[in-house]
Amino acid sequence: MGEMMNEPTLLKRAVEELDYVVGCNRLVQEQDLPQLNYLKACIKEFFRLHPFTAFNPPHVSTMDTTIAGYFIPKGSHVLLSRRGLGRNPNVWADPLRFNPDRHLQGKERQVVLTYDELRMISFSTGKCGCPAVVLGSTITIIMLARLLQGFTWEPVCKELPINLVENHDDLSLAKPLVLIAKPRLPQHLYPNI
Ligand code: HEM
């Protein structure tokens, strides 16, 4: 949300996609997700630039192996840096720029939140990868889709850009992000208000 507040054209594009695919007379549903490629590209970019933990859970290699020219002996404790991979300038052009379009340039017709080649880590991959890729992807996409479809968002502090610097001890924002949400759909779609 912080990235989108700083770049309102991205927010506008994601909301326009939702309005085009879903409209304003019903809430976005799971069946709409295949058509929400821009929204999914935004989430993939959030995963790349702002992983929720610095490292993947550690693994121990069970045999000698060589990866990208590095010899990794059996018994090594392997830690993958999620941030290091996601912001690697040898892999990503202009790595610190939040740019969802970079995930729309592939040949796949559907944007998926996973990455097999370890260019970044979302759900990781292989035998130890997350077994709940579909559930985790669906929950994440629906949650952001509902937030954007259901409300207009604006920062309390009008001074842009919002400071997105992270804490040193974890990767949460050093300063909390405070936004104002206003309903933007017909009232009957908000049963609890
Ligand atoms: C956006 C949501 C999620 C993300 C980004 C995510 C990501 C990950 C990652 C990176 C791992 C570690 C892989 C490794 O060890 O290399 C993992 C493991 C795991 N995840 Fe998820 N996950 C998500 C949601 C979920 C959900 C909803 C569930 C269960 C309902 C789940 C269940 C698990 C389990 C059981 C493991 C351990 C697998 C193993 O060690 O064999 N995850 N997840």
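Entry 1: I took as donors the N, O and S atoms within 2.8 Å of the metal (3.2 Å for Na, K and Ca); water is not among the atoms, so sites may look incomplete. The model I consulted is predicted: local features need pLDDT of at least 70, side-chain atom pairs count only at pLDDT 80 or more, and totals for chains, interfaces and linings use all residues. Residues are numbered from 1 along each chain as its sequence is written, and side-chain values use heavy atoms, with hydrogens and water left out.

Which residue is the protein donor of the iron atom of the ligand? I found that Cys-130 is the only one, through its SG atom at 2.3 Å. I located Cys-130 in the loop between α4 (82–86) and α5 (133–150); helices (H or I, at least four residues) and strands (E, at least two) are DSSP runs numbered from the N terminus.

**Entry 2: the shell around the ligand.** I noted 16 residues surrounding the ligand, a residue being near if one of its heavy atoms lies within 4 Å. The closest are Asn-56, His-59, Phe-123, Cys-128 and Cys-130. The helix α5 gives the most to this shell, with 3 residues.

I then looked up distances from N or O atoms of the protein to oxygen atoms of the ligand. In the side chain of His-59, such an atom is 2.8 Å from a ligand oxygen; for the side chain of Ser-124 the distance is 3.2 Å. Cys-128 has a backbone N or O atom 3.4 Å from an oxygen atom of the ligand.

**Entry 3: Glu-166.** I placed Glu-166 in the loop between β5 (151–155) and β6 (179–183). Is Glu-166 buried or exposed? Glu-166 counts as buried because its relative accessibility is 14%, and buried means under 20% relative accessible area, exposed over 50%, partly exposed in between (1.4 Å probe, protein chains only).

The side chain of Glu-166 makes polar contacts with the side chains of His-50, at 3.2 Å, and Arg-83, at 2.3 Å. A polar contact is a pair of N or O atoms within 3.5 Å; within protein, one must be able to donate a hydrogen and the other to accept it, and residues adjacent in sequence count only if both atoms are side-chain atoms.

**Entry 4: the whole protein.** I recorded 5 helices and 6 strands, which follow the pattern α-α-α-β-β-β-β-α-α-β-β along the sequence. The C-alpha atoms fill a box of roughly 60 × 35 × 30 Å, taken along the principal axes. Of the 193 residues in the protein, 37% are buried.
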